[in-house]
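Open the model in your viewer and keep the selection panel at hand.

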Amino acid sequence: MGAGKLIVGEPVKAATRAPELTGTLRILALFAFVFAGASLIDIGLALVPADLNAVDTRFVAFASMAGSLPLLAIGVLGLELASFSLSRTTLTLSVVLASLGALLCVIGLAIVAMSYGETLRTSQGDTRALVNMTALRSISSFVCFGLAFVYGAIAGWKRVLHRENS
Amino acid sequence: MVERSMTEGRRIVGAVGFAMLIVGLASQVATLTARRPSWGSTEWEVAYFGEFSATLVIVLMGLAVLSALAVQQRSRWPKVVLAVVLALLGSWAMLGALVVALDMPLVWQAARNAGSPARAAGLKIVTVKAIALCGWYALWLFVASGFMVKSTVTKSR
């Protein structure tokens, strides 16, 4: 029996019924949920109190959101992995979080890209370099994590529909 | 062959988990000892627990990996040790949430006299974030600790 068969084939169905594997996936899912929740708290507190009418504050608030995306991605990844043998709730949660992550990336990318020019125009000296660096870092994060979240959300929704049909 | 690969894989995952835990704990010790702890000083309490909650995630990643391995390997003592560590860390996070929550009125007063609205908002955000993250981590660390205890008891039956 090859390792590939152990992962995707029939033996995994028997293996997933083993209590220790279920326990392992449960604890991983729990921590993944904790990471996703912590990243959402971080994102919420970066956006909610900010004055979003001012262009520079909007730029900083949405660019700082990019820093929380890796943690959200780890959370989504953990939940997606755990959902292969846990309840449907885990799968639904992972799909909802992946969709939310994708939405946040799209919004963040649009706002950072739109406010970048104005923020750069009003900044001088060292601040210009900082604005450029922040824009580059946040835009690359939004693009890369956004694609990962979109892929995760689509794959997750397909699995949800497949489970409903079967 | 597959079993040998699994054992190797477990070893690598365990080493990564340990590395994360050690690096995270070293960071926590550095945060705690960077300035002499002064309980009762609002400035120190908010700064320390703000930094604690922001850097705790590496420790938690290490603990998540090690907990998953302990449950998978069915070994009793690692599970007991991890349950105790999770409960202690949860208690510390809970203490942080309570201490910073009690400091909130003073921080709000300081924010009113901060001079600029941006600085006042910054002070408030740091405080609320420390309370929210410490509370969130405390809650789930207790749940994880309970889970480890439950899996130990289930196994020993």
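Helix axes here are lines fitted to C-alpha atoms over the stretch in contact, and the angle between two N-to-C directions runs from 0 to 180 degrees. Keep in mind that this is a predicted model.

**Stop 1: a helix pair in chain A**

Select α6(A), residues 88-122, and α7(A), residues 126-165. Their axes lie 7 Å apart, at an angle of about 155°. Angles over 145 degrees count as roughly antiparallel, so α6(A) and α7(A) are roughly antiparallel to each other. Their crossing is left-handed. Now colour the contact of α6(A) with α7(A) by residue class: 21 residues are nonpolar, nine are polar and five are charged.

**Stop 2: a glycine in α6(A)**

Stay on helix α6 of chain A and pick A:G108. Is A:G108 buried or exposed? Its relative accessible area is 0%, so A:G108 is buried. Next, draw a distance from the C-alpha atom of A:G108 to that of A:F142. The two residues are 34 apart along the chain, and the separation reads 6.9 Å.

**Stop 3**

Move along to A:R121 and A:E118, which form a salt bridge. The closest N and O atoms are 3.0 Å apart. Both residues sit in helix α6 of chain A, three residues apart, so about one helical turn separates them. Check the accessibility of each partner. A:R121 counts as exposed at 61% relative accessibility, while A:E118 counts as partly exposed at 34%.

**Stop 3: helix α5 of chain A**

Select residues 69-82, which make up helix α5 of chain A.

**Stop 4: from α5(A) to α7(A)**

Display its side chain together with that of A:R159: the two form a salt bridge, with the closest N and O atoms 3.8 Å apart. A:R159 lies in helix α7 of chain A and A:E80 in helix α5, so look for a link between distant parts of the chain, 79 residues apart. Both partners are under the 20% cut-off for buried. A:R159 has 19% relative accessibility, and A:E80 has a relative accessible area of 12%.

**Stop 5: across to chain B**

How many salt bridges are there over all chains? The count comes to four. Among them is the pair A:D42 and B:K129, whose side chains meet at 2.9 Å, N to O. A:D42 lies in helix α3 of chain A (residues 19-47) and B:K129 in helix α4 of chain B (residues 117-156), so this pair joins two chains. A:D42 is partly exposed, at 23% relative accessibility. B:K129 is partly exposed as well, with a relative accessible area of 25%.

**Stop 6: a tryptophan in chain B**

Finish in helix α3 of chain B, residues 76-112, and pick B:W92. B:W92 counts as partly exposed, at 28% relative accessibility.

Notes. Residues numbered from 1 in each chain as written. Chains lettered and ligands numbered in written order. Predicted model: local features only at pLDDT ≥ 70, side-chain atom pairs only at ≥ 80, totals over all residues. Heavy atoms only, no water. Helix = DSSP H or I, 4+ residues; strand = E, 2+ residues; numbered from the N terminus. Expected span 1.5 Å × (residues − 1). Buried < 20%, exposed > 50% of the residue type's maximum accessible area, 1.4 Å probe, protein only. Parallel < 35°, antiparallel > 145°, perpendicular 65-115°, else oblique. Left-handed = near helix turned anticlockwise from the far one by under 90°. Nonpolar A, V, L, I, M, F, W, Y, C, P; charged D, E, K, R; others polar.
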